[in-house]
Each structure stands twice: as structure tokens, then as C-alpha cells.
Protein chains: 2
Amino acid sequence: MSAVDENGGTLRPIAWVGRLDGYVDMIDQTKLPGTLERIACRDVETIHDAIRRLAVRGAPAIGVAAAMGVVLGVRSFEGTDRRGFLDEVERVSEYLAATRPTAKNLFWALDRMCACAKAHGDSDVAAIKQVLLDEAMNIRDEDAAMCRAIGEAGQSLISDGCGVLTHCNAGALATAEYGTALAVMYSAHERGRDFKVYAGETRPLLQGSRLTAWELQRAGIDVTVICDNMAAHVMKLGLIDVVITGADRIAANGDTANKVGTYGLAVLAKAHDIPFYIAAPSTTFDLSIASGDGIPIEERAAEEIHGGFGVPTAPEGVGFYCPAFDVTPADLIRGLITERGIIDPVDRAAIAKALA
Amino acid sequence: MSAVDENGGTLRPIAWVGRLDGYVDMIDQTKLPGTLERIACRDVETIHDAIRRLAVRGAPAIGVAAAMGVVLGVRSFEGTDRRGFLDEVERVSEYLAATRPTAKNLFWALDRMCACAKAHGDSDVAAIKQVLLDEAMNIRDEDAAMCRAIGEAGQSLISDGCGVLTHCNAGALATAEYGTALAVMYSAHERGRDFKVYAGETRPLLQGSRLTAWELQRAGIDVTVICDNMAAHVMKLGLIDVVITGADRIAANGDTANKVGTYGLAVLAKAHDIPFYIAAPSTTFDLSIASGDGIPIEERAAEEIHGGFGVPTAPEGVGFYCPAFDVTPADLIRGLITERGIIDPVDRAAIAKALA
């Protein structure tokens, strides 16, 4: 069993409800684990805000949210001017693209929505609106299917008695459903395997303790939360057999941007002879970028470090540095778990072949 | 200039005020950085509680607090029975020894107080009480002098333009005054050197952002707070030239127990060719323990991870693992900065020679 929602159904952080005049139903992840609260997004501004403030986060889920956001943004376009409508699709896409800089899936989904609109540029505006909703639903459904396939591809990495370390949240909440790194765990769990997951809490916003622990617990998987700085000690104790995290963008050579802290875990895993895997759908790869040096790294507000809990945790006036991501070089990654199988070794040629 | 107190004087976390009928004046470090609040400890139970709940923390400061705690615990002893009084010194010492298991200085200071009482076993009870207060004051004064000498011994490691990474708080607040790892920075700062300190926030109790950033800021040193999981990224960016932390216990072979996260930083430093130093007085060495395997590691309450900010940061019912310390093997440590100079290389022979 994988993570479940409040009704015992499949946990889906984001869904379109109704027809073209419907809305996006989204779990507000900033409220977890305290309350499972949903937001009804009826305009693109609400989606834009949700992505920026991390009510929806995780590269694949951001892609789905953005695609649905395009529909919300253009459906109120009045008139029958096709050219004007296509310009509006571009404008809304650019607006959504400016929310966050690192996750590849965001740009991938927006590009796909723009291309879809153009491909139907000869249709009526009303028809293109419907086609865009269909495309957003396709992106959601395809992401869910890719996540299932990632789980299948990676499940054999987790055997009975295994200790698995993960970082941040690469679960159902980060995708259309099921997850990427956590999909591997859900697949192994569905096969009846007994293993233990260590979830790094993931400062500053604690996606590991707030979201990953919450999801895994709801799926009946044994989960232990540690502070990020305890990972090396836990590895040294021999409690970790494999490390699996998600990704926000993977360059052509396999260098991978993911939540800050991932790179450090990869270095520590190597020092302890523990295999380190990244799980991500093909939509997270950016073959236009040769190496990790080309991946833009988002810097977040200092407030996330010193004010995240309502009580200041540092004196006023000191400096802060708050990168949201870091880049793990390909040579520290044993394999990339994708919906097309595990890419191992991780290099330019193997990636090009797998994604061809 | 080093860190200053509320009156612009030398920052001293713990001091004895008055004569034998006086009290221990202690900064309640759990209230920092919000307020600089002092506690007047007039009985040993208050000292015991202060050590347990980390109102006073840092191996050398715990040693000083415990020594003064012995005085508070035995001064109300009534009568003139010397044997009974010596038993009382032992009983109070055992009571204080049970507060925390890892810091060597705690046991060292208590042993010294017991030995002092025994050495004066022929004196009047009233005289031994006074001798014990003098001994506690000696321990405090010697610690302050050792910290100054540590700073002198290590200051040349920090040159102009350096980036220095530290973890937890090994500053004035962790000692009688001036600090150990931070003493090195204060000494370099006093010589007019311009450098930048990165302070890992140090989950779960944030001694880095709450205490180290506070101290360094008050000393006029440029300090930037990062989350612990950002250290690897900051190293990769080339911002760190040297890592310096404190220690809670150093085994005969140089293996060092310190705040959890230190070991991971040492592994990361090695991977980035950055020298990693430990700063500690000779009272932190435990030559009775052959290697780090023999150092007991305190496990703290899960509450420190999930409830530290008044808002639950993980779902109820999941597991937690909360070691307070980890052990860095000697081969990852470039040098041990002590009041007797820098021990380099770090091995059994060099340590035995330096401490002889």
C-alpha cells in the first residue's frame, strides 16, 4: 500500500475537479503534518502563489500545477482571436515560469502546454481551451504512470531488512501520485518487504519530517526521523544500506540538482560505501544543460532559516545563506531510477541512450 | 575583541558571586538569542537541572558548573564529622555526574573536587568547604587561561580573507570565558584579521544559530548562519578554508566526540581538501579510553527534534533517533588545538607526548 488520503484513497496532492469551468484542488503542504487542508484554486494567481510559497512543491507536482495553472489563466480569454489567444497562453506560461527557477519539470510542462496550443492554432479558441485542459490532465496522468514505473524499476534495490535513507520529500506529495524516491519504497512495501526508512528532516522547511514521515506512516512503512546532521553517524553505525532521493533537474551528464543537503549525503554515502540513487521521471532531465554548473540554484529568503517556527532562532543582523538546492556530481550517483529503468553507470552516453 | 556581556565586559556564562555563602550566577542559554537572562543557583539541584536542560552546556562550562555545584551541595553539611563530609562530597559528585554522559570535563572536574576534599581530609569541615570553593574557582580560572592559550595556539590558522566553518557552540558560552574553537577566531580577530565565519545552525537545539552567531556578532566578527545540510554546498563553492569545532571528549588515539554533525563535517572537509581542526583544553582528553568506540554517546529526547519550536514538526507516532554526539576518527583531524599548542599529526604518541 502507498500513502493514502483522508478517505483512504490514493494520495494525490493536486487534481482538476469538474470540467473546463472547474478548479484545481490542491493539498496545502505548508499545513502538514498538522492538518490535511485543501485549497480550491480558481485562478492562475492562486496557483502562482501556491508554487512560490511551497503549498505545492516537488518538481513533478510543480509541473502538473503549472500545466493546470495555464488552463486557469487562459480560460477567461474573451473573443475569438486565435493569435491573441496563443499570445495569452505564452504570457500566462511566462508568468508561471517565474515562480521558481530550478525544477526542470516546471519549464517542461509549460513548454508542452505552449506547444499544444500552437499545434491546435487553427482551431476555435473554445476548442483550444478544452485541448489545453486535456493536455494538463495528460501531464498529470502520465506523471502518475511514470511514478508507478519508477517504483517498479527501483523496488529490487530494497530487500528485506534494508535501511533506506532519504532526504526532503520525493513522495506522492511531490508528484501527481505515488512519488519518485518514495515510489521505490512503496513498490518494495507492496511486495511485502520489511525495511526501515530514515527520513532526514530537511532544514529549513522540514519536508522530510513534515511530509515524508507523514506519507510513509500513512502507508504503514516504518520510518525514523533524524536531523540532517545525524546522517553520517547513522551511516557509520551501519544502519543505512542505500540512499534514494528525488531530483529537481538532471543535466545531460547526470549531475543532479536536488534539495540542499543531497550533495552532502552523496559524499557521505561514498565515504561509507553505500550506494546512492536518484529517482526521477524523464521530464526532470534537461539535456540542454551539459553539466550541473549550468543549473540555476534558487536562493530562498533568510526568514526560512531563522523564522520558520514563529520564534527567532538567530540574533537579528547576522548574515544568512539559504540555497534551496545543491548539485550532486554524476560520479557520486550509482544509478538514476527512471520510468524507463535504472540508468547505471551514470554518464552522458547512458543517459542519451535511455532517453532516446 | 571577544564576545561581550550586557555591560560590555567579558562574556562569562558562569561565575561564583560572593563568598562561601554566595551563589552561582549563570546565563540561561536556553533563552538566547532572545534574552540575556541570568539564573542565581543557590543549591546543587538547580545546577543539576541547569546542566540537564542545557541552560549551561559546552564541555568546559559543564565542568566549571559541576565544580561549583559540589560546593553548593556540601556547604550545608552540618557537624564536624570529616569522614561523613567526605562521603557527602562523593555523593554530591555522583549526583552531578549523572547529569550527562559524554563530556569528559564533567567527570574530570568532579574527580578533582573529590581528590581535593580528600587531600584536605585532616582539616576542619569548615576549612574543607572553603578549600573546595577555592578549587572550583581555580578550575574556572584555569579554564579561562587555557581558552586564551588555545586561541593563541590556533590563531595563525586563520589568515586574512579566510572562510571558517564551525559547528555548535564552542565559544565563551561553552567555557569559563573566551571559548575553544571560537577562541581561535577571537585571537585572530584581535590581531586585526578580516575573515568570515559560517556557523552551522546545529539541529536540533540550534546552538550554532542561537549561541555562536550571537557571540560572534557581539565580538564584531562577520558571521553567516547556514543550515547544517548546506555545509557541503558551501565547501564546494570554495567558501571554506578551514573547519574548527570544539570537543566533548577526546580518546587516547585522538578520536573525538563532539556535537552530532561534527563527524559528517570532517568527512565532507576531507572530500573537499579542507583542513579540519578540533580545539579543546587538555581537560577534554580521556586517556583511559583507547579509541572513540569507548566513548558513551548521549541520546536525547525525541522532543528535541519534533517539538523544539512549540509547533510539532513531525506526525505523532513516527520514530525518532536523537544522538547528541558523534565520534570523528583521528585520521580525519588535521590537528588538535590545545593550550599546549597544536597536536599534529593526531595519533596516540603525539597526544601522550603533548599531555605528558
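1. Which side chain meets A:Glu135 in a salt bridge? The partner is A:Arg112, with 2.8 Å from N to O. The pair ties together distant parts of the chain: A:Glu135 sits in helix α5 of chain A and A:Arg112 in helix α4 of chain A, 23 residues apart. Over all chains, the whole structure holds 47 salt bridges. Note that this is a predicted model.

2. Overall form of chain A. The chain has eleven helices and 15 strands. Its C-alpha trace spans about 65 × 50 × 40 Å along the principal axes. The radius of gyration is 20 Å, which agrees with the value near 21 Å that a compact globule of 356 residues would have.

3. Domain layout. Chain A splits into domain 1, residues 14-148, and domain 2, residues 156-355. The C-alpha centres of domain 1 and domain 2 of chain A are 25 Å apart. Contact between them involves 28 residues of domain 1 and 36 residues of domain 2.

4. Domain 1 and domain 2 of chain A bury about 2700 Å² between them. Carbon and sulfur atoms account for 56% of that area. Three salt bridges cross this interface. A:Glu177 and A:Arg140 form a salt bridge, with their closest N and O atoms 3.3 Å apart.

5. On the side of domain 1 of chain A that touches domain 2 of chain A, helices α2 (59-74), α4 (104-119) and α5 (125-154) each supply at least two residues. Helix α5 of chain A gives the most, with six residues. By class, this side of domain 1 has 16 nonpolar, five polar and seven charged residues. Two of these helices, α4 and α5 of chain A, also carry the A:Arg112 and A:Glu135 pair of the opening point.

6. Chain A puts 51 residues into the contact and chain B puts in 52. About 3900 Å² is buried between chain A and chain B, 68% of it from carbon and sulfur atoms. Two salt bridges are counted between the chains. A:Glu201 and B:Arg203 meet in a salt bridge at 2.5 Å, N to O. The polar contacts between chain A and chain B come to 26 residue pairs, both residues at pLDDT 80 or more.

7. Helices α7 (207-218), α8 (231-236) and α9 (262-271) of chain A each supply at least two residues, as do strands β6 (222-226), β12 (319-320) and β13 (325-328). The side of chain A that touches chain B divides into 31 nonpolar, 13 polar and seven charged residues.

8. Backbone points to check. Most residues other than glycine have a negative phi, and most peptide bonds are trans. A:Arg203 and A:Pro204 are joined by a cis peptide bond, omega about 5 degrees. A:Pro204 lies in the loop between β5 (196-200) and α7 of chain A. In chain B, the bond from B:Arg203 to B:Pro204 is cis too, with omega near 5 degrees. B:Pro204 falls in the loop between β5 (196-200) and α7 (207-218) of chain B. B:Arg203 is also the residue that meets A:Glu201 in a salt bridge.

9. One further backbone entry. B:Tyr178 is not a glycine, yet its phi is positive, about 80 degrees. This residue is in the loop between β4 (163-166) and α6 (181-190) of chain B.

Conventions: Residues numbered from 1 in each chain as written. Chains lettered and ligands numbered in written order. Predicted model: local features only at pLDDT ≥ 70, side-chain atom pairs only at ≥ 80, totals over all residues. Heavy atoms only, no water. Domains from an automatic or database assignment. Contact = heavy atoms within 4.5 Å. Buried area = accessible area lost by both parts, 1.4 Å probe. Salt bridge = Lys/Arg side-chain N within 4 Å of Asp/Glu carboxyl O. Helix = DSSP H or I, 4+ residues; strand = E, 2+ residues; numbered from the N terminus. Nonpolar A, V, L, I, M, F, W, Y, C, P; charged D, E, K, R; others polar. Rg over C-alpha atoms; globule rule 2.2 N^0.38 Å. Polar contact = N/O pair within 3.5 Å; in protein donor to acceptor, adjacent residues only side chain to side chain.
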